[in-house]
Amino acid sequence: IFENFSQVDYNKPLLAFKEELSKEKIFDANPPREFKANLKPFQADGFKWMKTLRATGNGGLLADDMGLGKTVQVIAFLLYLKEQEKLMPTLIVLPKSLIDNWINEINKFAPTLSKNLYIHTGTGRYKNEKIIGKFDIVLTTYQTLTKDQMILGKIDWEMVILDEAQHIKNPTTAISNAVNAM
């Protein structure tokens with residue numbers, strides 16, 4: 001069967017799709033040139049997996065132990081999208097205590113991403129979806145998302161990324177409803 005795989009008619013669309021994914025470097029585990037770190041093998045697998053999910057139109061859950069570098073994998077993925085000119089407004093929802101960590105990690109590993117990054121928190125935050133939607137990456141807290149879901153819900157987000165997703169484990173909370181609405 002495997003010797004004839006490329007000759008079987010029903011496999012031709014799959015082979016064409018695989019070829020298209022290969023052209024877009026989906027199966028390449030190496031991060032973009034501008035990425036300022038080396039990914040460990042399991043991080044490279046996560047990076048490649050996120051690219052595959054996006055290319056196939058699926059969402060996913062990147063879960064592993066604390067401290068193994070989920071943030072750095074996501075940053076490598078966002079930089080890959082930027083390099084491919086496919087980074088559209090992306091919303092990252094996280095606890096307030098992690099905002100500085102995300103900013104530091106972006107500045108350290110992918111400084112070009114920080115050029116079009118917006119932190120949507122505090123009393124001085126923008127209340128206009130057209131302004132917010134012009135940023136490549138928007139960081140906000142779960143609480144701010146709940147308060148501003150009518151504004152943020154008008155933006156056509158490329159992706160919504162949840163850090164510490166256990167904040168939405170109870171499906172009846174306002175936070176969970178706001179995230180699901182995105």
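Visitor: Let's start with Leu98. Which residues is Leu98 in contact with, leaving aside its neighbours within four places in sequence?

Guide: Leaving those neighbours aside, Leu98 is in contact with Asp163 and Glu164. Please keep in mind that this is a predicted model.

Visitor: Thanks. Where is the place of Leu98?

Guide: Leu98 sits in the loop between E1 and H4.

Visitor: And is Leu98 buried or exposed?

Guide: Leu98 has a relative accessible area of 19%. Buried means under 20%, so Leu98 counts as buried.

Visitor: How far apart are the C-alpha atoms of Leu98 and Phe17?

Guide: They are separated by 38 Å, and the two residues are 81 apart along the chain.

Visitor: You mentioned Glu164. What is its phi near?

Guide: Phi of Glu164 is near 65°, which is a positive value in a residue other than glycine. Glu164 lies in the loop between strand E4 (159–162) and helix H8 (174–181). With a relative accessible area of 31%, Glu164 is partly exposed.

Visitor: Which residue takes a positive phi just after H3?

Guide: That is Glu85, with a phi of about 60°. Glu85 is not a glycine either. Its loop runs between helix H3 (70–83) and strand E1 (90–94).

Visitor: Buried or exposed, that Glu85?

Guide: Glu85 counts as exposed, at 70% relative accessibility.

Visitor: And what about just after H1?

Guide: There, Lys25 takes a positive phi of about 60°. As for helix H1 itself (residues 12–23), its twelve residues should span 16 Å at 1.5 Å a residue. The end C-alpha atoms are 17 Å apart, which agrees.

Visitor: Let's go over to H3. How many residues has H3, and what does it reach from its first C-alpha to its last?

Guide: H3 has 14 residues and reaches 20 Å, close to the 20 Å expected at 1.5 Å a residue.

Visitor: Why is H3 largely enclosed by the rest of the structure?

Guide: Because eleven of its 14 residues are buried. Among them are Val72, Val74, Ile75, Phe77, Leu78 and Tyr80.

Visitor: What covers the buried residues of H3?

Guide: The cover includes H2, E1, H4, strand E3 (137–141) and E4.

Visitor: Which elements give two or more residues to its lining?

Guide: Those are helix H2 (41–55), H3, helix H4 (99–109) and E4. The largest share, five residues, comes from H3.

Visitor: Which residues of the lining lie nearest the centre of the pocket?

Guide: Of the 34 residues that line the largest pocket, Leu62, Val74, Ile161, Leu162 and Asp163 lie nearest its centre. Two of these names have come up already: Val74 is one of the buried residues of H3, and Asp163 is in contact with Leu98.

Visitor: What is the lining like by class?

Guide: By class, 18 residues of the lining are nonpolar, nine are polar and seven are charged.

Visitor: Let me step back to the whole chain. How many helices and strands are there?

Guide: The protein chain has eight helices and four strands. Starting at the N terminus, the order is α-α-α-β-α-β-α-β-α-α-β-α.

Visitor: What box do the C-alpha atoms fill?

Guide: Taken along the principal axes, the box is roughly 65 × 35 × 35 Å.

Visitor: How about burial, what percentage of the 182 residues counts as buried?

Guide: In the protein chain, 38% of the 182 residues count as buried. The chain exposes about 10900 Å², and carbon and sulfur atoms supply 53% of that area.

Visitor: Last one, on contacts between residues at least 6 apart in sequence. What share joins residues at least 24 apart?

Guide: For the protein chain, that share is 61%.

Notes: Residues numbered from 1 in each chain as written. Predicted model: local features only at pLDDT ≥ 70, side-chain atom pairs only at ≥ 80, totals over all residues. Heavy atoms only, no water. Buried < 20%, exposed > 50% of the residue type's maximum accessible area, 1.4 Å probe, protein only. Expected span 1.5 Å × (residues − 1). 1 Å grid on protein atoms, 1.4 Å probe; cavity = no way out; pocket = protein on both sides within 12 Å on 5 of 7 lines; lining within 4 Å. Nonpolar A, V, L, I, M, F, W, Y, C, P; charged D, E, K, R; others polar. Contact = heavy atoms within 4.5 Å. Areas by Shrake-Rupley, 256 points an atom, 1.4 Å probe, with all protein chains shown as cover.
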